[in-house]
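Here is a short note for a colleague who is meeting this structure for the first time. Please read it with the model open.

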There are 2 protein chains.
Amino acid sequence: MTNIMVEEILAQVRAALERDDYAAAAAALEPLRAPDQADLFNELADHHQSALLPRLDPEDSADILEELEDEEAARLLTSLSPDEAVRIIDEMEPDEAADLIGELEPERQEFVLANLEDQAEVRPLLLHQADTAGGLMTSEFLALGRRMTIADALAAMRTWKPDAEDIHEVYAIDRHGRLAGMIGMRQLLMKEPTVTLGEIIDPDAVFVSVAADQEEAARLMSRYDLASLPVIDAKGVLVGVITIDDVIDVIEEETTEDFQRFGGGEPLDRPYLESGILTVVRKRIGWLLLLFITETLTGSVLRHFEAEMASVVSLAFFIPLLIGTGGNAGSQTTSTIIRALAVEDLDRRGFLRPLLHELSVGAVLGGLMGIVAYGRALLWGTGTAVALTVAVAIAAIVIWANVLGSVLPILAHRLKIDPTVVSGPAMSTLVDATGLFIYFTVAGLILAL
Amino acid sequence: MTNIMVEEILAQVRAALERDDYAAAAAALEPLRAPDQADLFNELADHHQSALLPRLDPEDSADILEELEDEEAARLLTSLSPDEAVRIIDEMEPDEAADLIGELEPERQEFVLANLEDQAEVRPLLLHQADTAGGLMTSEFLALGRRMTIADALAAMRTWKPDAEDIHEVYAIDRHGRLAGMIGMRQLLMKEPTVTLGEIIDPDAVFVSVAADQEEAARLMSRYDLASLPVIDAKGVLVGVITIDDVIDVIEEETTEDFQRFGGGEPLDRPYLESGILTVVRKRIGWLLLLFITETLTGSVLRHFEAEMASVVSLAFFIPLLIGTGGNAGSQTTSTIIRALAVEDLDRRGFLRPLLHELSVGAVLGGLMGIVAYGRALLWGTGTAVALTVAVAIAAIVIWANVLGSVLPILAHRLKIDPTVVSGPAMSTLVDATGLFIYFTVAGLILAL
């Protein structure tokens with residue numbers, strides 16, 4: 001989809017809506033794929049959205065609702081008649097339907113659930129928290145008895161009419177509904193039709209517990225290259241299946257959260273432009289204040305060294321340069337370590353190896369920056385003693401920043417705290433206060449203040 | 001896999017290797033899944049790795065090599081006899097095999113290619129750059145003629161013996177080999193065996209061009225929830241298929257690169273602990289120097305306002321606090337905007353909406369921080385005039401940081417530069433120099449210096 005095509009179709013849809021021709025608007029949308037339909041839909045005025053949605057094919061409407069944010073979709077549904085809402089929700093995948101129903105007001109919720117054809121599939125999904133494997137799974141999966149033959153299994157697949165698109169793997173269960181194993185579609189087709197599933201399934205299927213964190217599900221699917229992942233309850237009963245497309249959304253969401261946290265704010269719960277100004281402020285002000293308070297330590301350090309500053313005024317000129325460089329080195333280190341933790345490069349290893357690694361890197365970087373800083377200070381017409389102070393201080397600060405940047409995220413990880421808490425801004429702030437202390441201590445020693 | 005199990009099996013394998021009992025070592029590894037085997041394998045000494053690999057089932061060895069970094073795998077292969085190497089590579093998926101062969105030295109490369117059973121599949125893959133769709137695709141896919149019946153198609157699948165695990169979708173081609181459409185396995189099974197593929201395929205399949213960036217492939221698969229994506233050449237001929245597991249690796253890789261770049265360094269090409277100290281230094285020193293040079297502007301600004309600083313010494317105490325807070329606000333903003341660009345929340349929208357959004361957020365945050373800073377300055381015993389200066393300056397700096405943090409990444413994106421170039425450190429550095437200028441200008445106005 002090029003932007004030009006999108007603009008063209010959007011113009012067609014808008015023109016049709018202006019003259020209240022919903023059939024034409026629906027016809028213009030129809031040939032697009034669901035994510036593109038949803039994008040266009042988002043550009044329309046609210047009253048046009050409410051008027052258009054029930055006029056689309058319910059399957060298309062369902063696809064569009066699946067693509068929208070849950071709150072947005074719930075708002076839209078509330079503007080429809082209860083029957084129209086039910087007709088659309090019935091075409092949604094059960095996991096998406098459950099998420100959406102969870103956003104409706106209680107009365108509407110009850111009506112929808114009572115009238116839904118798929119209610120047996122949707123109701124159990126309402127019990128799980130959104131960020132668990134249970135909240136991510138769909139209850140629409142094919143569980144085949146292990147005693148079924150391949151011919152039976154294929155026949156069952158033919159009569160099964162799920163709302164989702166495709167089957168990636170086939171799961172076999174025992175008579176208690178417990179997961180017995182899995183087999184890929186290709187292996188299934190390759191065997192004789194009279195063979196039973198029990199004879200050919202891989203009994204050692206990767207699975208996840210219904211209460212596990214959604215990140216654990218994503219980790220397993222990514223690690224073992226799975227297109228779908230069975231979810232079991234405490235008794236081992238197969239209760240759902242997580243598909244790879246939902247996991248990609250989770251990975252994307254988690255990345256966004258990590259990024260925002262590493263940038264020094266709490267993650268937004270919704271897309272950026274849909275987050276109100278006060279919401280964004282609320283997510284940022286906490287860290288800004290906390291870092292501000294920590295940063296006031298710099299004032300205390302500066303007051304403590306007031307005499308030194310007064311006697312050698314030129315020392316002050318280098319303050320932002322020194323602590324800025326230290327913060328940059330710290331941010332470089334912590335971003336690398338945080339990612340190494342996220343992709344499990346540092347798993348099962350102690351503090352020691354990354355610490356030694358960063359000590360060495362810091363020593364080289366610090367040495368190089370020291371030489372550059374020495375030259376720069378001389379160019380500014382500073383005396384050699386002050387230049388030497390600046391050079392030694394910057395080397396020490398860079399090494400110190402690399403140590404902090406490697407140890408703190410690993411420490412947080414050990415304490416089961418998200419390592420992105422050691423954000424770039426947190427590193428700069430810590431290095432600012434401690435870096436000043438290092439600077440003036442070095443100055444005291446070299447300049448004999 | 002719990003860590004305890006890993007440690008136990010690792011101990012078994014090591015003990016077996018110590019007494020040169022390769023059969024026992026192989027037997028201990030055998031029940032594990034490939035990624036777990038590869039993890040354990042990585043912990044072994046180099047000579048043990050070389051000795052053990054040819055004694056494993058070639059399929060297992062192939063899986064382990066697929067999991068290792070390409071350079072590591074190539075190093076390992078070089079220690080085997082050429083015939084052993086060929087036997088293992090023949091069991092690898094063609095795309096993984098091609099990546100690995102690309103890492104071998106030319107002589108070994110020629111020998112392997114000449115003796116490979118799968119050479120017809122592997123050779124064409126060597127032509128594509130690693131970070132393109134062509135570099136990511138496998139040539140091992142089933143292209144079925146559009147005139148084939150479903151019964152023929154199923155028969156073809158039964159006789160096909162790929163090295164990869166499973167079929168997600170079926171692609172149909174015309175007589176020139178051009179992509180004609182696709183159909184999911186479930187839809188295929190649901191139709192009568194006598195129906196031809198041409199009658200039931202979706203002719204509007206999402207595809208990617210062989211020369212497209214791998215990120216474009218990832219974007220398409222994520223957006224359209226695809227488990228596999230066909231790759232076509234300039235003539236529309238189906239030349240390969242990208243599977244979702246490879247795309248998840250790409251997403252993970254790109255996230256790591258974005259994180260490292262946003263932290264203020266160039267991305268490492270290899271896992272953190274496997275990157276040598278000088279490599280890490282090389283990836284970081286460039287930005288550190290560039291930011292250092294930019295940061296020297298702060299020295300110039302301070303010199304320019306030397307008279308003001310000398311007349312009101314207490315102004316100096318607030319310098320790190322003010323520019324630190326500005327840098328933090330800027331980093332919060334740029335991280336949010338960069339992610340919003342990455343997930344296409346800001347696509348097809350101008351500068352204006354995010355700029356207005358951040359102006360408003362900045363005004364609220366700046367106002368709040370101004371009040372807090374005013375109180376804090378008074379508590380430090382500063383006079384009201386200086387406290388007012390600090391309050392107004394911090395508000396102005398926060399607003400300015402939010403403007404920079406929103407405009408710069410969008411500008412970079414427009415100029416086709418990766419927006420992570422506006423990293424947290426880059427933001428702090430820019431805000432440091434310009435923030436000082438704002439501070440002393442405000443001081444000049446309020447304190448009439």
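**Notes on a sheet and a helix pair**

1. B:Pro230 stands opposite B:Val241 in strand E6(B). Strands (E, at least two residues) and helices (H or I, at least four) are DSSP runs, numbered from the N terminus. The model is predicted: local features need pLDDT of at least 70, side-chain atom pairs count only at pLDDT 80 or more, and totals for chains, interfaces and linings use all residues. Residues are numbered from 1 along each chain as its sequence is written, while chains are lettered from A and ligands numbered from 1 in the order in which they are written.

2. Strand E5 of chain B covers residues 228-232. It runs antiparallel to E6(B), joined by 5 bridges. Strands pair if DSSP finds at least two bridges between them.

3. In chain B, 3 strands make an open sheet, ordered E4-E5-E6, with mixed pairing. E4 (208-209) and E6 (238-243) of chain B each have a single partner strand, so one side of each lacks a neighbour in the sheet.

4. Helix H20 of chain A (residues 319-342) packs with helix H23 of chain B (residues 424-447). Their axes, lines fitted to C-alpha atoms over the stretch in contact, are 9 Å apart. The angle is about 165 degrees, on a scale from 0 to 180 degrees between N-to-C directions. H20(A) and H23(B) are therefore roughly antiparallel, the word for angles over 145 degrees.

5. Which residues of H20(A) meet H23(B)? They are A:Pro320, A:Gly324, A:Gly327, A:Asn328 and A:Ser331. Their partners in H23(B) include B:Gly424, B:Asp432 and B:Leu436. Contact requires C-beta atoms, placed from the backbone, within 7 Å.

Key
Angles under 35 degrees count as roughly parallel, over 145 as roughly antiparallel, 65 to 115 as roughly perpendicular and the rest as oblique. Two residues are in contact if their C-beta atoms, placed from the backbone, lie within 7 Å.
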